[in-house]
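The following note sets out points on the ligand shell, the strand pairing and the nonpolar cores. Please read it alongside the model.

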Amino acid sequence: KPTVIDHIGIAVRSIDEALKFWEEGLGIRCTAREEVAEQKVITAFLPVKDTEVELLEPTSDESPVAKFIEKKGEGIHHIAIRVDDLEAALAELKAKGVRLIDETPRYGAGGAKIAFVHPKSTGGILLELSERG
Ligand code: CMX
């Protein structure tokens with residue numbers, strides 16, 4: 001079952017540059033920074049009430065985030081919804097004919113189990129499902 005918006009992912013060229021706005025401008029502090037090698041990104045998490053902003057900086061030209069910035073520029077890259085049981089959620093969506101990018105869970109920042117749903121099945125939003133232990 002979907003519960004809350006776990007986080008909103010924002011593609012940026014440079015986390016250090018972006019933090020000038022988020023931390024110094026808005027006063028929202030980054031509490032965790034982590035490289036997720038499998039996704040070719042560095043992530044920075046900024047808690048906001050009940051959810052988080054995730055800044056995503058590509059670590060390679062092959063990163064999905066690098067391709068996104070090249071095509072669309074910096075901006076909102078994905079929305080992540082938290083689920084209690086990711087395998088069950090994926091099985092249910094697959095049975096309903098939803099196009100999954102990840103049919104089995106991967107591991108994202110903070111050790112969360114994650115899987116992406118294709119924007120073609122969601123009305124144009126890259127959707128992440130996230131299960132936190
Ligand atoms: N949001 C909305 N639409 C998107 C999108 C995004 N982030 N990325 C691509 N699209 C759209 C494209 O505009 C395109 O639409 P049109 O065909 O209408 O032009 C369509 O999806 C296909 O895009 P594409 O450019 O041909 O395909 P890509 O090779 O760029 O792959 C995607 C797109 C979503 C399948 C790929 O980026 C992916 O597998 N993403 C999941 C992994 C990921 O994004 N990891 C980074 C974050 C990791 C983290 O948070 O830890």
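1. The shell around the ligand comprises 12 nonpolar, eight polar and one charged residues (Ala, Val, Leu, Ile, Met, Phe, Trp, Tyr, Cys and Pro count as nonpolar, Asp, Glu, Lys and Arg as charged, and the others, Gly among them, as polar). This is a predicted model: local features need pLDDT of at least 70 and side-chain atom pairs count only at pLDDT 80 or more, whereas totals for chains, interfaces and linings use all residues. Residues are numbered from 1 along each chain as its sequence is written.

2. The ligand is surrounded by 21 residues, the closest being Gln-39, Pro-64, Phe-116, Pro-119 and Leu-126 (near means that the C-beta atom, placed from the backbone, lies within 6 Å). At least two shell residues come from each of β3 (41–48), α2 (64–72) and β5 (75–83); α2 gives the most, with four. Helices (H or I, at least four residues) and strands (E, at least two) are DSSP runs, numbered from the N terminus.

3. Strand β8 (residues 127–131) is largely enclosed by the rest of the structure, because four of its five residues are buried (20 or more other C-beta atoms within 10 Å of the residue's own, C-beta atoms being placed from the backbone). β8 runs parallel to β5, joined by four bridges, and antiparallel to β7 (residues 113–117), over five bridges; strands pair if DSSP finds at least two bridges between them. Leu-127 of β8 is the bridge partner of Ile-79, and Ser-130 that of Ile-114.

4. The largest nonpolar core has 12 residues, including Trp-22, Ala-44 and Phe-68 (a core is a set of buried Ala, Val, Leu, Ile, Met, Phe, Trp, Tyr and Cys residues joined through C-beta atoms within 7 Å). β3 provides the largest share of this core, four residues. Apart from it lies another core, of 10 residues, among them Ile-114 and Leu-129.
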